[in-house]
Amino acid sequence: MKNRMKTKMIKILSGNRETRLTVQVADTQRKRDKGLMFVGNLPENEGMLFVYPVKIYGGFWMKNTLIPLSIAFLDWDGEILKILHMELCKEDICPTYDPEIPYQYAVEVNLGWFEKNQIKEGDYVRFY
């Protein structure tokens with residue numbers, strides 16, 4: 001399979017709780033641009049990890065994305081800086097979900113997954 005993404009397990013630490021999430025790793029411009037476009041179903045404890053070589057500014061949009069998502073923006077050390085909820089967009093021009101802060105990683109999951117797992121801003125993501 002061409003362009004198949006590698007997956008990895010990450011841990012999210014919330015106080016004494018640890019939540020595991022399997023993520024596809026988007027670590028190239030092409031993979032980051034495609035993201036979860038055209039994905040019709042995302043299993044419960046799976047998501048996508050966007051990796052940037054340096055801290056960046058800017059947001060995400062939901063064009064051609066078939067499922068609503070929540071996104072966490074992370075600092076270089078894995079701290080969750082901001083969580084946003086992104087709705088479907090079937091229009092030609094879609095809104096951008098911008099944390100308005102610099103970040104180095106982002107994690108997309110099914111809409112509401114962070115709340116369901118009691119994960120909040122200030123928690124940490126550990127990459128194995």
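These notebook entries record what I looked up in a predicted model of one protein.

**Entry 1. Conventions**

I number residues from 1 along each chain as its sequence is written, and my side-chain values use heavy atoms, with hydrogens and water left out. Since I am reading a predicted model, local features need pLDDT of at least 70 and side-chain atom pairs count only at pLDDT 80 or more, while totals for chains, interfaces and linings use all residues.

**Entry 2. Overall form**

I first looked up the secondary structure, which comes to two helices and nine strands. Here helices (H or I, at least four residues) and strands (E, at least two) are DSSP runs, numbered from the N terminus. Along the sequence I read the pattern β-β-α-β-β-β-β-β-β-α-β.

I then compared the radius of gyration, taken over C-alpha atoms, with the globule rule of 2.2 Å times the number of residues to the power 0.38. For 128 residues a compact globule would have a value near 14 Å, and the protein agrees, with 14 Å. Along the principal axes, the C-alpha atoms fill a box of roughly 45 × 35 × 30 Å.

I noted that 43% of the 128 residues are buried. The classes are buried (under 20% relative accessible area), exposed (over 50%) and partly exposed in between, with a 1.4 Å probe and protein chains only. For contacts (heavy atoms within 4.5 Å), I looked at those between residues at least 6 apart in sequence: 69% of them join residues at least 24 apart.

I traced an open sheet of seven strands in the order 6-5-8-3-2-1-9, with mixed pairing. Its edge strands are strand 6 (80-86) and strand 9 (124-127), each of which pairs on one side only. The twist averages 30° from one strand to the next, with axes as lines fitted to C-alpha atoms, for helices over the stretch in contact, and angles from 0 to 180 degrees between N-to-C directions. Two strands count as paired if DSSP finds at least two bridges between them.

I went through the pairings in turn:

- Strand 5 (residues 69-74) and strand 8 run antiparallel and are joined by six bridges; Ser-70 stands opposite Val-109 in strand 8.
- Strand 3 (residues 46-56) pairs with strand 8 in the antiparallel sense over five bridges, and Ile-56 has Tyr-103 as its bridge partner in strand 8.
- Strand 2 (residues 17-26) and strand 3 run parallel, with five bridges; Val-25 is partnered by Leu-49 in strand 3.
- Strand 1 (residues 7-14) and strand 2 are antiparallel over eight bridges, with Lys-8 opposite Val-23 in strand 2.
- Strand 1 also pairs with strand 9, antiparallel over four bridges; Val-125 in strand 9 is the bridge partner of Ile-12.

In the hairpin of strand 1 and strand 2, two residues lie between the strands, and Gly-15 takes a positive phi near 60°. I also checked strand 8 (residues 103-110) for burial: eight of its eight residues are buried.

**Entry 3. Nonpolar cores**

I searched for nonpolar cores, that is, sets of buried Ala, Val, Leu, Ile, Met, Phe, Trp, Tyr and Cys residues joined through side-chain atoms within 4.5 Å. The largest has 20 residues, of which Phe-50, Phe-60, Leu-69, Ile-71, Phe-73 and Met-86 touch the most other members. Strand 3, strand 5, strand 6 and strand 8 are the elements that give two or more residues to this core. A second, separate core of 16 residues includes Ile-83, Val-107, Phe-114 and Val-125.

Beyond its neighbours within four places in sequence, Phe-50 has contacts that include Ala-26, Arg-32, Phe-60, Tyr-105 and Glu-108.

**Entry 4. Aromatic pairs**

I counted six aromatic pairs in the whole structure. Rings of Phe, Tyr and Trp (its six-membered ring) pair if their centres lie within 6.5 Å; planes under 30 degrees apart count as stacked, over 60 as edge-to-face and the rest as tilted.

Phe-60 and Phe-73 are edge-to-face, at 5.8 Å centre to centre and 70° between the planes. Phe-60 lies in strand 4 (residues 60-61) and Phe-73 in strand 5, so this pair ties together parts 13 residues apart in sequence.

For Phe-73 and Tyr-103 the centres are 4.7 Å apart and the planes stand at 65°, so this pair is edge-to-face. It links strand 5 with strand 8, the residues being 30 apart. Both Phe-73 and Tyr-103 are buried, and Phe-60 is buried as well. I found Phe-50, Tyr-52, Phe-60, Phe-73 and Tyr-103 in one aromatic cluster.

**Entry 5. Lys-31**

Leaving aside neighbours within four places in sequence, Lys-31 is in contact with Met-5, Val-25 and Ala-26.
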